[in-house]
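Take a look at the structure shown here. The report below walks through selected parts of it.

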Amino acid sequence: MYVRTLTGGLAAALVLSLSLTGGQAVAAPPDAEDAPLAARVLLYDAGGSAEFRSAVDRGAAIWNESVDAVELRPAAAGQRANIRVLADNGWPRALPTTLGNGTVYIGRQAVDQGYDTIRISAHELGHILGLPDRKPGPCSSLMSGSSAGTACKNPYPNAAEKTEVEGNFAGVLAGRAPGAPAEVIVD
């Protein structure tokens with residue numbers, strides 16, 4: 001059914017395109033194939049992140065510097081955010097709903113134990129971008145999370161993590177089927 005609908009839609013678009021061009025086929029510019037796709041913009045609301053607001057903004061900026069397929073932007077007043085970021089007294093965790101959507105908790109328990117707030121923020125946002133924990137792991141792996149120890153301050157994803165996020169957001173976005181249970185990732 002989906003293929004038939006898609007095929008019908010493509011045929012209608014082709015007919016419309018041909019009628020707009022006077023019945024002649026028009027070639028795409030030579031470099032259109034190589035043109036990068038626009039980044040998928042995800043809005044985040046860090047209004048509930050309390051004292052961690054600047055760390056959340058920096059964690060989002062690190063992802064923006066690291067990947068091209070997705071861009072994290074603060075939600076403006078009245079905009080619906082894909083990602084809510086909250087502070088609480090528990091352990092940091094992410095509750096993704098679908099790829100690029102969910103809630104992040106910046107838990108004070110880990111901060112009180114000496115874990116870096118920017119690394120926590122970037123790590124938890126990594127879960128929303130589709131990355132799993134990679135424990136135990138070295139400090140060079142952002143998704144190694146707490147297993148890298150409190151001395152680890154590295155908030156940057158490694159090459160494999162960047163590639164995985166690029167793949168997650170390339171082309172058709174994959175997500176859980178509607179109604180599928182949310183996954184809770186506690187670090």
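The model is a predicted one.

Which residues are these? In helix 5, which spans residues 159–169, Glu161, Val165 and Phe169 are buried. Seen down the helix axis, the buried residues fall within an arc of 60°, so they line one face of helix 5.

What does the face turned away from the buried side carry? Exposed residues sit there: Ala159, Ala160 and Thr163.

Asparagine 158 is found at the start of helix 5. A side-chain oxygen of asparagine 158 comes to within 3.1 Å of the backbone nitrogen of alanine 160.

Strand 4 covers residues 93–98, and strand 5 covers residues 101–107. The two strands pair in the antiparallel sense, over five bridges. Threonine 98 stands opposite asparagine 101 in strand 5.

Strand 4 and strand 5 form a hairpin, with two residues between them. Glycine 100 lies in the turn and has a positive phi of about 85°.

## Asparagine 82

Asparagine 82 belongs to the loop between strand 2 and strand 3 (83–88). Is asparagine 82 buried or exposed? Its relative accessibility is 17%, and the cut-off for buried is under 20%, so asparagine 82 counts as buried.

The side chain of asparagine 82 makes a polar contact with the side chain of asparagine 101, at 3.0 Å. Asparagine 101 is also the residue opposite threonine 98.

What else does asparagine 82 touch? Leaving aside neighbours within four places in sequence, asparagine 82 is in contact with Arg40, Val41, Leu42 and Leu43, and also with Gly100, Asn101 and Gly102. Among these contacts is Gly100, the turn residue with the positive phi.

## The chain as a whole

How many helices and strands does the protein chain have? There are five helices and six strands. Along the sequence, they follow the pattern α-β-α-β-β-β-β-α-α-α-β.

The protein chain has 187 residues, and 35% of them count as buried. Take the contacts with a separation of 6 or more: residues 24 or more positions apart account for 61% of them. The accessible surface of the protein chain comes to about 10,300 Å². Carbon and sulfur atoms hold 59% of that surface.

Note on methods:
Residues numbered from 1 in each chain as written. Predicted model: local features only at pLDDT ≥ 70, side-chain atom pairs only at ≥ 80, totals over all residues. Heavy atoms only, no water. Buried < 20%, exposed > 50% of the residue type's maximum accessible area, 1.4 Å probe, protein only. Helix = DSSP H or I, 4+ residues; strand = E, 2+ residues; numbered from the N terminus. Arc of directions from axis to C-beta. Polar contact = N/O pair within 3.5 Å; in protein donor to acceptor, adjacent residues only side chain to side chain. Contact = heavy atoms within 4.5 Å. Areas by Shrake-Rupley, 256 points an atom, 1.4 Å probe, with all protein chains shown as cover. Pairing = 2+ DSSP bridges.
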